[in-house]
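Here is a short tour for someone meeting this structure for the first time. Have a look at the sequence and the model, then read on.

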Amino acid sequence: MKKLIVVGVAAAMTASVLAVPSVKPRIDDLKVVQNGNRIVTITYKLADAPAVVTVDIQTNSQADAAGAWASIGGENITPALSGDAGKLQANSDQTRTILWRPRKSWPDHLFKNGTARAVLTAWAAEEPPTFMVVDLVDANNRFTYYADKASLPGGIGDRVYKTNKILFRRIPAAGVTWKMGSPETEGRRGSDEDLHDVTLTEDYYMAVYETTCRQYQLVRSYWYANRGESTKDFYGYYYWNDGYSNYYSDQDTIDMCPVHQTYYAMLRGKDDSLYNWPKNGHDVIHNGFFGVLRTMTGGELLFDLPTEAQWEFAARAGTSGQTYFGDVYPASYWGYDETAISANCWWWKNSRVTGGTTEGRISHPVGTKTANNFDLYDMLGNVGEACLDQYKTHLGTVAAMDPEGPETETENPSRVRRGGACCSEEDPSTWGLRSARRWSVDQIDNSMWGKMFHGFRIWAPAVAK
């Protein structure tokens, strides 16, 4: 990953350079000063190319700074950080300023004797930081970037990333060749899971969580508010009316549940000439969910659904077995590891709830099970997740690069759904809790039961905006 690291040592009021490759962008004139109130002021200039600048604060175990340097931890830095950090900055002669207030997060410490330093990392716009946060409420602060999980304010599980903000994780896919599909020996294998090599040429962002009811409501409400119409109550409108309100008594819990009863055309638009992936690429209708999300965020990023290859690569997160948490189905057709599945998924065995006048399976608040190696939650179970591709019966065994699915046009082509759902495993026909499992679903289905537990996860290109 291309990046430029520049280090400022506050005690000497100078700057030095560590491991400088001959790449752009470049940080110049870095200075670090701490005043009597312990506020640390970091100034710099950005040259050669736009970049997102992130900050690390490091300490040295030796008074003469001859020891090893260690970060104080992102959780101690970003909550007290403000100014020109975590945003895409233009290269110019302008002096940029970052303020760090360590009084609470780093008490009883000072930048002195060369034992503390600020490390700035410049991430090129085309190679952005690991995490991106999109704010659905603050129009003046739409995009913020963080170098790692520890730097996320509140931590990755904070409620805000399941409600008013969307948290994205960069998926390191560029140039990786991997096996898509499943081998013939895999337990519960489907006949449409042809094993073949796939290479993805670019990294991309995937939402850490399935799209929640609150996030969906904020986007759709933006559309109606900007048309001068009253905001509609989207709770109970785009997902099972007899579901959440019967089982969850508080709105906060419903807010964090994945939205479902969605379908492909609802998300991308209903005009055949524009939403027909892959013929028209990432074109979407302005009043579909993704069209509104793009407008809402200034048209900066082409938010969309992932292709099924992008989905499977992200779900596997470097693994090659049945699931990202191991093999849970024997090759002998029947049986499963109930303990392992229940620890990692909302599925048939643990999603039954009783409330109101009904009893049945229901999805649960996102992020309450374990994540995979890419920090993505609920990739298996909870709700199924829509993909861009038109469904085809066989993936084929020929190696593919950036597969997009077939281009065959029909009046209403079926689309791919991945990831299983909370209703999975009642019987062998619902073998959904495997990374390779595929479904064919109607892209325009207005029936309640036809799109039950059909949700989605947001994809975005890995470009800083």
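H6 itself covers residues 289–296; helices (H or I, at least four residues) and strands (E, at least two) are DSSP runs, numbered from the N terminus. Keep in mind that this is a predicted model, where local features need pLDDT of at least 70 and side-chain atom pairs count only at pLDDT 80 or more, while totals for chains, interfaces and linings use all residues. Residues are numbered from 1 along each chain as its sequence is written, and side-chain values use heavy atoms, with hydrogens and water left out.

**A covered helix**

Is H6 mostly covered or mostly open? It is mostly covered, with seven of its eight residues buried. Here buried means under 20% relative accessible area, exposed means over 50%, and partly exposed is in between (1.4 Å probe, protein chains only). The buried residues of H6 are Phe 289, Phe 290, Gly 291, Val 292, Leu 293, Arg 294 and Met 296. Their cover includes helix H1 (213–226) and helix H4 (264–268), where a contact is a pair of heavy atoms within 4.5 Å.

**A sheet of four strands**

Next up is a sheet. Four strands make an open sheet with mixed pairing, in the order E22-E21-E19-E23. E22 and E23 stand at the edges with a single partner strand each, so one side of each has no neighbour in the sheet. Two strands count as paired if DSSP finds at least two bridges between them. In general, strands of a sheet pair through backbone hydrogen bonds, either parallel or antiparallel.

How do the partners of E19 run? E19 and E23 run parallel and are joined by two bridges; in that pair, Gly 384 has His 454 of E23 as its bridge partner. With E21, the pairing is antiparallel, over three bridges. There, Glu 385 stands opposite Arg 418 in E21, and Gln 390 stands opposite Arg 415 in E21. E19 is mostly covered too: seven of its seven residues are buried.

**Enclosed spaces and open ones**

Now for the gaps between the atoms. They are found on a 1 Å grid over the protein atoms alone: a cavity is a set of points where a 1.4 Å probe fits but cannot get out, a pocket is an open set with protein on both sides within 12 Å along at least five of seven lines, and lining residues have an atom within 4 Å of a point. Grid points are joined across faces, edges and corners, and a volume is the space filled by probe spheres set on the points. By this rule there are two cavities of 30 Å³ or more.

For the linings, Ala, Val, Leu, Ile, Met, Phe, Trp, Tyr, Cys and Pro count as nonpolar, Asp, Glu, Lys and Arg as charged, and the others, Gly among them, as polar.

| Space | Volume | Lining by class |
|---|---|---|
| Largest cavity | about 90 Å³ | six nonpolar, five polar, three charged residues |
| Second largest cavity | about 40 Å³ | seven nonpolar, two polar, one charged residue |
| Largest pocket | about 620 Å³ | 15 nonpolar, 13 polar, six charged residues |
| Second largest pocket | about 420 Å³ | nine nonpolar, four polar, six charged residues |

The sheet turns up again here: E19 (384–390), E21 (414–418), E22 (439–442) and E23 (454–455) each supply at least two residues of the lining of the largest cavity. Of the 14 residues in that lining, Tyr 263, Tyr 264, Ala 386, Val 441 and His 454 lie nearest the centre. The second largest cavity has residues including Tyr 161, Tyr 209, Glu 210 and Ile 458 in its lining.

The largest pocket is lined by 34 residues, and nearest its centre are Thr 78, Leu 81, Tyr 145, Tyr 146 and Ser 151. E5 gives the largest share of that lining, five residues. Around the second largest pocket there are 19 lining residues, with Thr 201, Glu 202, Asp 203, Gln 310 and Trp 459 nearest the centre.

**The cysteines**

How many disulfides are there? The count is zero, a disulfide being a pair of cysteine sulfur atoms within 2.5 Å. For Cys 213, the nearest cysteine sulfur belongs to Cys 257 and is 5.9 Å away. Cys 213 is buried, at 3% relative accessibility, and Cys 345 is buried as well, at 0% relative accessible area.
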